[in-house]
Each structure stands twice: as structure tokens, then as C-alpha cells.
Amino acid sequence: MLKGPRDFTLLRVQSAEGTKRIEVKPDETIAQLFEKVHDAFDLRSFGFGLFRERNHKGEIVSSKSNTIKDAGLKHGDLLYMAPVNGAILWETSSSNIPNDIYESMIVSPSTSKGMPRQIITHTVKSSDKNEDEVDQLLWKQDGKIQRKKDDRFCRHGANACCVHCSPLEPFDEAYLKEQNIKHMSFHTYLRKMTAGVDRGKFLQLEDINCSIRNGCKDHPPWPKGICSKCQPNAITLNRQPYRHVDNVMFENTNLVERFLNYWRITGHQRIGYLYGRYEIHSDVPLGIRAVVAAIYEPPQESTRDNIVLLPDERESLVDDLARSLNLQKVGWIFTDLIADDIKKGTVKHVRNIDSHFLSAQECIMAGHIQNQLPNPCRFSPNGYFGSKAVTVCVTGDNKNQVHMEGYQVTSQCMALVRDGILVPTKDAPELGYVRESSNKQYVPDVYYKEKDSYGNEVSRLARPLPVEYLLVDVPASTPLTPQYTFYANEKITPFPVEHRLVDGQIQEFNVLATYLQQFTPEKFLEAVSDFHFLIYIAGMDMLPLKSHMGPLLDAIRTQNRRKANEWARSAHWATVEELISATTMSSQPTTRNATFGNIPAGSAADEAGINVESGTNDSSSNEISLWTCTYCTFLNPAEINNCEMCSLPR
């Protein structure tokens with residue numbers, strides 16, 4: 001009796017945890033076999049290999065083109081599975097691998113000879129788990145640049161490809177030059193570093209060290225002694241080929257206009273911190289975009305020419321609020337604007353190729369902020385490399401219009417700033433200066449390369465140092481379709497920005513009452529969706545609400561109107577409403593309505609002992625020379641109705 005060919009092939013796969021039978025078809029690929037083995041053994045990664053012999057010889061390489069039949073596998077063959085490069089295949093509590101090490105799957109790119117892609121493993125530190133979400137998403141992408149079929153050169157079907165239409169690597173030099181991409185993205189740079197023969201097995205991204213290594217016992221400490229073990233190496237500055245952020249996008253023009261309003265009123269410069277999020281930037285292969293949702297202005301003293309930052313007691317408060325709203329500090333912004341023609345609204349063009357783009361002092365400030373916001377990186381021994389923090393300068397362009405310029409400083413600049421060896425020059429803003437060694441600090445030699453008059457590349461000592469070697473430009477813009485994380489309306493006067501000592505822009509309780517009067521009770525969510533408003537109510541001197549704002553911040557983050565209205569009926573906010581009502585009655589005695597409707601008697605403020613009727617006018621009040629504030633006990637003149645100390649009503 002004749003039998004037809006088998007419809008399937010049964011393979012046996014033996015591992016340290018036992019043997020499984022895998023059923024495959026002869027026309028299935030080797031990659032599908034690997035997937036079935038992964039599912040059958042319930043493995044945690046693809047960090048394993050299949051071998052024909054017990055001593056791990058005769059490896060079967062994963063391939064999407066070779067089939068089971070092509071590999072010569074027959075019905076009943078026994079294969080041996082083993083981990084590759086020490087990969088952990090099963091979840092186990094008795095593993096001898098330290099907790100700070102785990103396996104990450106890396107898919108190697110296909111070679112120019114058409115070799116199949118192989119799945120290999122790379123042992124990395126636990127900083128992978130702490131990487132930003134956008135980094136984790138990009139690491140899962142292959143970053144291939146897809147190309148359409150070329151009608152001139154391609155001579156194949158629609159389902160095939162050749163050298164003229166096969167996908168390009170994201171770091172392909174011809175493609176980057178064609179698209180005018182000056183700096184490749186950081187993840188493209190990582191793909192390039194892991195695309196070699198060793199697949200990045202020995203890749204380590206380390207910041208340069210400019211200080212003496214501590215703990216050397218062969219000689220007395222500096223300046224009495226130094227040796228080759230503890231002495232830092234000389235540094236040659238190179239132009240950085242990559243950048244951590246490829247674009248800075250402000251959600252809407254209102255953000256920048258609100259920031260520039262201070263300069264328009266006073267003529268003084270201003271600094272602000274950018275709060276937002278990072279997302280994938282599709283215009284650049286494996287790119288990252290920083291999206292700015294709010295600008296926080298720290299305490300500062302400014303003039304027409306300079307800015308001095310003051311200690312900020314609310315820094316941690318602002319960071320906590322931003323974190324609760326799924327935002328983080330993504331950089332800083334500053335103005336350098338000089339009015340040219342007030343009638344035309346033009347400004348002077350002072351930053352150009354003939355002068356400077358960023359001064360040395362601004363580069364040092366940018367390096368300081370980037371050191372405060374390091375970038376988690378799986379290929380760094382200490383878990384961090386570089387930074388995603390950006391620098392935005394608002395200045396005049398070549399058409400004398402206000403525009404924004406974005407930058408980052410290089411990782412080498414961050415190291416120079418971190419070790420305190422880079423200082424600005426006195427008269428030339430475009431030049432920095434590397435300190436010389438002293439009895440207190442040893443400074444290694446720092447060089448940069450430039451071409452001389454004959455076209456030869458020569459090394460120069462970085463005293464002075466052109467700051468262009470420390471800069472990476474980042475485009476800054478606003479989208480065609482505005483985005484709004486926080487509420488904005490041209491008909492609504494926004495809540496004043498913090499730390500602005502300008503008439504009409506000082507954050508006071510009276511201003512809070514005036515701001516909330518613009519909203520109806522149904523618009524409570526819109527009223528509280530203001531970053532500066534949230535900072536103020538979280539740190540109010542008389543009634544800080546920071547510890548009670550969790551549900552409100554959740555409602556703003558999710559745009560849940562019901563949760564916001566529930567928080568509006570809480571006892572904490574009712575107290576604020578009664579104070580607002582008392583302020584309103586003090587300024588307008590005939591008005592009995594509070595901001596969000598009448599306040600019932602016996603509510604939270606009444607139970608807290610707050611006398612909301614103390615602001616009513618009394619005919620005998622003019623006869624009293626002084627009156628005592630019931631909130632802060634400050635003595636006030638009889639002719640005023642609001643306390644001079646706490647601004648609360650009489």
C-alpha cells in the first residue's frame with residue numbers, strides 16, 4: 001500500500017528543563033521553528049540556539065528565508081537547545097546572576113550579502129528598566145528606511161526586492177546627506193555602534209574624566225604627587241555626530257507669547273524652565289522630539305543685559321507637580337532680545353555666524369542643566385550617558401523678527417562643566433577657556449582640531465576654545481495644529497506667572513479671586529488647568545493644598561470633568577472658596593455671590609473658625625485708627641479693607 005508524503009515533521013528539542021516535541025511543516029522557515037520552540041518552552045527571551053549535536057556543534061541559524069527542508073531536518077530528528085552568551089531563558093529565583101544584570105534582545109541588521117538576521121543577546125545593566133519610555137519604544141524598532149520599487153532599475157515582482165529598493169540602515173551616509181540630516185539621532189548612532197562584527201558586545205559609552213582619580217596610594221595627593229594611574233588623559237574635542245533630541249516643539253504659540261510678555265513690558269531678559277514630554281519624531285530615523293507643555297520661571301533678577309538666578313524654594317514642588325501630570329523638565333529657555341524699531345516691532349539681529357550663536361557662559365549653563373538631567377542609557381557602565389535637556393534661545397533673526405533657536409551641548413562639554421575646568425572669557429562671548437592646573441586642581445590638556453591656512457588639520461590648545469566645538473543645533477518650532485495640555489483662551493485673562501515683580505502680574509490671593517470669577521461652576525476643570533495656577537495653590541502660605549491635590553492632578557491629566565467637580569466639592573477647596581467670597585464681598589459690599597455660587601452657612605470654613613463676615617463695612621470702622629487681621633494678627637490702617645500682610649479681607 002502506497003503512502004503519500006507527510007504533511008508535517010515532528011522534531012524533538014532537548015533542553016536543561018526537559019524535552020519537547022515540536023510539530024512543523026517542511027515549508028516553514030527556521031525563524032518559525034524558533035518561535036514554536038520559544039512558545040513550547042515558555043521562554044523569557046530568544047537568547048537561545050539550536051544545535052544538531054549535544055556538544056553544541058552544528059548550529060541551526062535562525063532565518064526567514066531558509067525552510068525546514070532546506071536545513072535538512074527530518075521527521076524524528078533530535079535537536080539540542082542551549083542559552084547563548086549566558087542568557088536567562090526561564091524565570092528562576094535561584095539564579096546566580098546578580099539582580100542588576102539582565103538580558104536584552106538585540107536584532108542584528110541584515111548584511112549587504114543578504115545574510116539572514118540573527119537574534120543575539122547583549123548583557124546590560126538594570127538601567128534599561130529605568131530608560132525613558134520613548135527610548136524603550138525606539139529600541140524595539142529596527143529603524144529601517146523603507147524604499148519603493150524603482151521602475152528604472154528593479155526587474156522583479158512586487159513581493160521581491162533588490163539592492164535598489166531594499167531597506168536602508170538608519171545611519172546610511174548617502175541617505176542622511178540626501179535628506180540634509182546634519183546630526184543623526186542618538187538611537188541611530190547606537191544602531192551604527194552595534195552593527196559591527198561583534199554586534200556591540202563590547203560597546204561602552206563613557207563620559208570623559210577630567211579629574212584625578214582618588215585613592216592612589218603610590219604617592220602623596222596632588223599637588224605633591226601624580227602618576228599615570230591617577231592622571232587623566234589629554235582630551236581632544238571632536239564634533240559630535242549625533243544628538244539626543246532632534247526637535248523641540250512648543251505645543252502652541254501662546255506658551256512663547258506668555259513668556260515673552262515679560263520682556264515686552266519691562267525690556268529685561270528672562271529665563272524659564274521647560275516642562276513637557278519626549279515622543280518619537282517620525283521625520284528623523286529613530287528620532288526623539290521634546291514637546292513643551294509649560295514654562296516655569298524661577299526666582300531671578302534681570303536687567304537688559306544679564307540675568308541672575310536666585311535660590312528657588314519651590315523647585316521640588318514644581319517637579320512633583322509636573323511628575324503627577326506626566327511631565328518632566330526637558331530643558332530651559334532664555335531671551336536675548338534688543339528692540340530695534342518699536343513702531344515696527346523689530347529686534348536686532350545680534351547672533352550670527354560673524355559673532356556667536358551661544359556664548360561660553362550660556363554653554364556652561366546648558367552643560368550644568370544637562371548634568372542635572374542625565375539620560376539613562378543601557379550601554380553606559382554607570383547607567384547614564386549624555387542628556388536630553390535642550391536649550392532654547394529667543395533672539396532676533398536676519399529679518400529682525402523674534403524667533404527661537406534650539407541647541408544642546410556635547411557630552412564632552414558636559415564633562416568639562418561637571419569637573420569645573422571650562423570658564424568664559426571676559427571680552428569674547430564666542431570663546432571659552434580651559435583652566436590651567438593649580439595647587440587645588442589638576443587640569444589635563446584639552447585640544448581641538450582645525451585647518452590651518454594650508455588646509456592641514458592641526459591641533460590647538462583650548463586656551464581659548466571656540467564654543468562651536470561644544471554645540472549641537474536642534475530645530476525649535478510650533479505645530480501647525482496647536483496642542484493644549486493646559487487650557488488657553490484668548491477671552492480669558494490667564495493667571496499671573498510666578499516670580500514676576502511687575503504691577504498686575506504678582507500672584508496674590510486677590511488675583512486668584514479675580515481669575516476664578518471668569519469661570520462658571522461648570523468650567524472648573526478649565527479654571528484649574530493652568531500650570532502657574534496649580535503651583536500657586538499648592539504652595540499658598542495661608543492654606544497650602546499640595547498634600548490634597550492628588551485627585552485634582554489626576555483629573556487634569558486624564559481630562560476627567562467628573563473627578564474635577566468632585567474635588568471642587570471637597571472641604572479643602574470649600575475653604576478657599578469662602579475666602580474668595582469674603583474677598584469679593586470686601587471689595588464689593590453689595591455683592592453676595594461667590595465665584596462658584598453662594599457659600600452655604602456652616603460649611604468647612606465656618607467650622608475651621610474663619611469669619612467670612614469680617615469684611616462687611618461698618619459705620620464705626622472709620623472711627624478706629626487700626627484694625628487687627630483675624631488671620632495673621634497684623635495691625636492695619638482703618639481706611640483699607642484688605643490686610644497689607646496677607647491680602648485677606650477685613
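**Ground rules.** I'm working from a predicted model, where local features need pLDDT of at least 70, side-chain atom pairs count only at pLDDT 80 or more, and totals for chains, interfaces and linings use all residues. Residues are numbered from 1 along each chain as its sequence is written, and side-chain values use heavy atoms, with hydrogens and water left out.

I get about 60 Å³ for the largest cavity, the volume being the space filled by probe spheres set on the points, which are joined across faces, edges and corners.

Its lining (residues with an atom within 4 Å of a point) includes Glu131, Asp135, Trp139, His187 and Arg378. Helix H2 (133-139), helix H4 (186-193) and strand S19 (374-376) each give two or more residues; helices here are DSSP runs of H or I, at least four residues, and strands of E, at least two, numbered from the N terminus. H4 has the largest share, three residues.

**Helix pair.** Next I checked H7 (residues 360-372) against H8 (residues 411-418): they pack at about 90°, axes 8 Å apart. The axes are lines fitted to C-alpha atoms over the stretch in contact, with angles from 0 to 180 degrees between N-to-C directions. So I noted H7 and H8 as roughly perpendicular (65 to 115 degrees).

Who touches whom? Cys363, Ile364, Gly367, His368, Gln370 and Asn371 in H7 meet Cys413, Met414, Val417 and Arg418 in H8, contact meaning heavy atoms within 4.5 Å.

Terms used:
1 Å grid on protein atoms, 1.4 Å probe; cavity = no way out; pocket = protein on both sides within 12 Å on 5 of 7 lines; lining within 4 Å. Parallel < 35°, antiparallel > 145°, perpendicular 65-115°, else oblique.
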